Amino acid sequence: MKLAETQSNGKEAVLTDFKEIGNIIDTFYVGRRDCLINVLHTAQSIYGYLPAELQRFIAEKLDIPVSEVSGVVSFYSFFSMKKRGLHTIRVCLGTACYVRGGKGLVDHLRKALKIEIGDTTADGLFTFEIARCIGACGLAPAIMIDDNVYQQVTPAKLDSILAEYKEKKGVEKA
Amino acid sequence: MVHLTINGKDIAAAEGVTIFEAAKQNSITIPSLCNLEGIHSVGSCRICVVEVEGAKTLQASCVTPVAEGMVVHTNSKVVRDARKVLYELLLSDHDSDCLFCNRNQHCELQKLGRQLGIYESRFEGERSERRIDSSVAITRDLSKCVLCRRCVTVCNEIQQVGILNPQHRGFKTVIGPSFDLPIGSDACSFCGQCTVVCPVGALKETDSTQAVWDAINDSTKRVVVQVAPAVRVSIGELFGYPAGTRCTGKLASALKELGFDDVFDTDWAADLTIMEEGTEFLGRAKKATSGEGTVLPMITSCSPGWIKYIENHFPKSLEHLSTCKSPHTMMGAVVKSFYAKKIGVDPKDIIVVSVMPCTAKKFEIRRPEMKNGGYPNVDEVITTRELAEMIKSAGIDFASLTDSSFHKPLGLSSGAAAIFGVTGGVMEAALRTVYELVTGHELPYENLHVTPIVGLEQIKEASIKFENTLPEFSFLEGFEVKIAVTNGLAGAKILMSQVEDGTSPYHFIEVMGCPGGCITGGGQPRSKDVDIREKRMKATYEEDESLPFRKSHENPSIIEFYKSFLIEPNGPLSHELLHTVYTKRGLYNELTDEEYIIETPGHAIPKTFDHLSKIRFAEDSGEDYSSQVLELKAKNAKLMDELKDTLETVEVFRRIIVDMHESNR
C-alpha cells in the first residue's frame, strides 16, 4: 500500500498503486455493480480517502460510469476526496458548546492551523472538522481529537493541546 | 384486465400499466414534467401526483401501476393545490429570465405553468449554483436545471456513455460530469441526445446563429451553406407540418431568402463519400483476400459523435475507422478548393456553414484535422433547430415558400445520399455502388433496399455474396461480405467489444451515434411523438425513391467532378482533401491535449480541476508512473552510475597497489 505524500514542490503526488483494492474487487466483487458502496468503504479504509484516480479505477473495475461513482462519493458525507490528516480534530458546535465559545475555538483553529473546515494541514498532522453535539454538554465547550475528548477548552488550552500532538509526532520521528 | 375508476369514469386497463398511461388511453391528461413516454419514468418531479382513495399520500401517477378497484382523482382540490405548491417550489430555484432563454415559448416548464394556472411564485430563498458550462457543442446552464433526470436516463441507459449523473446532495445537487469537470474536457461524445430531452434551457446546443448572421451580413465574404439529408425530413415539424413531411424544396428556398450566396446540398458530398469509402473498402477487401495485412472490419466515419466515442473509449481500434471525412467536411474541403478556384474567390473569403441534425458536428469542425491549406473545411455548424429559429427571426413565412432546387454544381445528388440520414442508409448506399462496381449488376434487392438492415433495431446484420464478378474484381469471386449496422452508442459498444476481443465476424460496419441515426440526431426538433423515428425514416426512403438517380456512382455531377478534378477515388488529391486521421483520446482525454471548452464571461472554469482530466491510474504493467517514483528512479540510476564509476576507480587503484607491491618485491 502506498499513500499519497506531499511532494517537495507542495503538489500532491498521485496515488498510483491500487493493487490492494483491485485484488479485493477481483476476489469479492466481480460484476457486482450493486456493491459500489461496500467497495468505496473498503477503499477508503485502505487509502484513507478517495481521490479522483481511485474513483476512476473503481469505476472501470466495476464497469460503472465514473460520474455515477463520483455522484455516490459526493452524496455521502462519510466519503472524502481529500487526504485525511494523522489526527482528526472535531470542534463541537452543538448548542451548549456554541454558546460557551465553540465558535471562538473554530476561529482560533482556523488561524492556528491555517486551514478551513474540512481541510488538512500541509504537514498532514491534522484534519479539521465540525461536530454537532458530542454529548458532552456539561463539559462545554468540548473538542475531540480522534477518540479523546477535551473539556472546557479555551484558545490558550487549545494551543497547548496542539503542541502536545506536534511534540508527539516529533518524538515518533526521532 | 384491471378495472378502476378515474374521475368517476369506469376504466379497464391492462395489468402493469401506470395510472398515467391508463388515464391517457382514456383521454384524461395528467400534467407531468419529468416523465418521457417509453424512455424515462422515475417520478422525480411529482407534478403528476393524483389522489388514490385509501392511499395515505398522493401518488406519482407515472410510476404507480393500476390496481383492481382503484378509485383515482386527477383533478381534485387537494391534487390541484399540491401541484401548484410543487410547481412553485420548482420555480423557487429556477432562473426565471425566460425572455432571454432560447427555450422561451417552447419550454415544457413554461407550458406546465400555464396548464396548472400559476400566476405567482410565493417562495423565494437561496438559489443553487448558477454556473454556465460551455463546450464547442453543448452548453449546460445549471441555473435552469429542474433535476428531472431525463438527460441522466438518456446518457446512461440509452447511449450508455454515462457522462451525466447527479453529483452532490440535496440543495447542492447538480446533474453533470464526474468531479464537476467541464463537459468539454470530459469524455462526452457530444451526441446531444440530452439536449433533445431536456424540458428547459439547461442543456442545449452551443449557439452558432450569431456567427452565421455576422457572416451573412459581411459583404466581403462569400457565404456558402449546405444542408444535411436528415434536415429536410424534420424541419417541417418546427413550422407546424406533421412529422414525416419532406420539405426539401422549401428548405432550399428558405436558405436562399436568408441571404446565403450559394445553397449546396450535403447529399452531393454523401455521394462523394460513397465513392471514396466504397473504394477504400474494396482496397481493404483486396488486401484481405490476397493475404496481405489489412484491418477489417472497416467502420464508417460519418457520425462525429461516434468518432469522439471510439476515440475516448476504444483508442486502440482507430485503424478500423474509414479514413473518409464526414460528408459535410468533404463538401467544405471541395468548396474551398475546387469551387473557390472555379468562381475565382480566395478561400479565406469563403465561409462554409453547415445545417446539421447534429450537435457533435459543432465539435467536429473544430478538430485540428479538419483543415486544408490553413483554412477550416467548415466554419460554422447550426442545428435544424437553430436554422428554424433563424428562418422565423428573418420573418420568412416557411409555409408560403415555393419549392426550389439547390445551386449547381454541388447540389445534385442521388437517392443513395438521401438515406445517409437513417440507420442502415450509409451501408445500403455503399452496397448499391460497391456491388455494382464489382459485379456489373444491380444490388439484388427489391427497390435496392437491403431489407435486413432497414429498420430501427439496435443491431442489424446481413451478408452479401459477390458472384459473377467483373474481371478486375475476380479476387472477390465468391467472397461473402458480412455487414453489421448499429444506431446509438450502446450498440456501438457491443460491436466494438467484439472487435477488441477479436470475435467480430464482420467485414464492414456502419455506426451512427444516435438511436435511429441522424433523423433523430441531437440537433433535431424535439418531439414527444413515440413514432417519430418511423415517420422520419419513412420520409427518408420516400425521398430516396423520388430521385432520378438512386446510386452514388450514377450521379452525373460526381462523375464529372472525378473527371475534371479528383481524377480517381482514393487518389492523391482525394487523400489530401477528403481523408483524415483520428486522435487517441482515452476515457479521460488523458492521451490528448485537445480541449473543447468555451469560456463564458462571468462563469469561470473551476481551476481546481485543471489537472484532473489528465489523470489516470497506472495500467497494470508493473510500471509505476507517479512523478515521485519517476524522480526516485532517475536519482537511483544516477547513484548507480556514480557507484559504478567509484568501483572502477577503486579497481584501478587496487591494481596499481598490487603492481607496486609486486615490483617492490
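At what angle do helix α2 (residues 36-47) of chain A and helix α4 (residues 66-75) of chain A pack, and how many Å apart are their axes? This is a predicted model, in which local features need pLDDT of at least 70, side-chain atom pairs count only at pLDDT 80 or more, and totals for chains, interfaces and linings use all residues. Residues are numbered from 1 along each chain as its sequence is written, while chains are lettered from A and ligands numbered from 1 in the order in which they are written.

**View 1. The packing of α2(A) and α4(A).** The two helices (DSSP runs of H or I, at least four residues, numbered from the N terminus) pack at an angle of about 65°, with their axes, which are lines fitted to C-alpha atoms over the stretch in contact, 11 Å apart. That makes α2(A) roughly perpendicular to α4(A), a term for angles of 65 to 115 degrees.

**View 2. The residues between α2(A) and α4(A).** Leu36(A), Ile37(A) and Leu40(A) of α2(A) make the contact (C-beta atoms, placed from the backbone, within 7 Å) with Val69(A), Val72(A) and Val73(A) of α4(A). By class, this contact has 6 nonpolar residues (Ala, Val, Leu, Ile, Met, Phe, Trp, Tyr, Cys and Pro), with no polar and no charged ones.

**View 3. Confidence in chain A.** Over residues 1-13 of chain A the pLDDT is below 50. Where pLDDT is low, the predicted coordinates should not be read in detail.

**View 4. The extent of chain B.** The C-alpha trace of chain B spans about 125 × 70 × 55 Å along its principal axes, and the chain has 19 helices and 21 strands (E, at least two residues).

How values were computed: Axes fitted to C-alpha atoms, helices over the stretch in contact; angles between N-to-C directions. Parallel < 35°, antiparallel > 145°, perpendicular 65-115°, else oblique. Contact = placed C-beta atoms within 7 Å. pLDDT = per-residue confidence, 0-100.
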